Amino acid sequence: MPRKSWYVLAPVAVSLVALASGTATAQTSDDGHVYYKYATLQAEHSGKCLTMRDTMQDGPFATQSTCIKGDDRQRFRFEYARSAEQMLMLKHSGKCLSSGPDFDWNAGQRYCYDDVDVKGQKHKFGNRVWWRMPRVSVTREVYELRPVEELQYCLTVKEGSLEDGAPVYVGRCSETDRQRWKLEWEEPVGEE
C-alpha cells in the first residue's frame, strides 16, 4: 500500500468541529478522513505565523511574522510515518522544521530524512525533524510542538514577543500561550 503523503487530520467528527468553527473547508475521503495539503502555524499569543527565512540552507532561521496568505515560507506540509509523530515540511525549501544542539535549540530547517548525501558526505539527523503535537484545546485546533526526543520542551516564541522577527526556539514547556500554535489548514485534497 503506498504511503500517504498528506497529513490525516482526523475522523469525520473532528472535521465537523472544524467546519462548524469556520477553521477549515473539509474534503472527506471514502475512508472518513480529511486530507489537507498545507497549514500555517499561528502563535496563540500573537496571532503571527511561524516563518522561515527565504533560504535553501540548513540553519536556525525560524521567526514569527505577520501571516501572509500564500507565503511559502509559512506553509507546512505534514509528513507522517509514525502514528504520533510528524515531520513538518516547508513548501519554500522542501526541508523540515527542526531544532537541536547544533542550532543552539533555535528552530530552523534541515533535510527531512536520515542519511542525506550532501556534497559527498552522509549526514544523520535522527529525530531532530520529528515532532509530537499534543492538542491543548478541546474546542480549537491549538497544539504544542514537542521534539520527540525532548518531550518536556516546546516550540516557543522568545519572551512572548508580539513583534515580527521574534526568534522561535525550543524551551521547557510551561503551558503558556507563546508555546501554543493554532493550525490554519488550506487547500484540502483527497488522498494522493
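Q: With which side chain does the side chain of Arg 110 make a polar contact?

A: A polar contact is a pair of N or O atoms within 3.5 Å; within protein, one must be able to donate a hydrogen and the other to accept it, and residues adjacent in sequence count only if both atoms are side-chain atoms. Here the partner of the Arg 110 side chain is the side chain of Ser 98, at 2.5 Å. This is a predicted model, in which local features need pLDDT of at least 70 and side-chain atom pairs count only at pLDDT 80 or more, while totals for chains, interfaces and linings use all residues. Residues are numbered from 1 along each chain as its sequence is written, and side-chain values use heavy atoms, leaving out hydrogens and water.

Q: Is Arg 110 buried or exposed?

A: Buried means under 20% relative accessible area, exposed over 50%, partly exposed in between (1.4 Å probe, protein chains only). Arg 110 counts as buried because its relative accessibility is 2%. Arg 140 has a relative accessible area of 40% and is therefore partly exposed.

Q: Which side chain does the side chain of Arg 140 meet in a polar contact?

A: The side chain of Glu 44, at 2.8 Å.

Q: Which residues of strand S3 lie on each side?

A: In a regular strand the side chains alternate between the two faces of the sheet. Strands are DSSP runs of E, at least two residues, numbered from the N terminus. In S3 (residues 49–52), Cys 49 and Thr 51 are on one side, Leu 50 and Met 52 on the other, and all are buried.

Definitions and conventions
Helix = DSSP H or I, 4+ residues; strand = E, 2+ residues; numbered from the N terminus.
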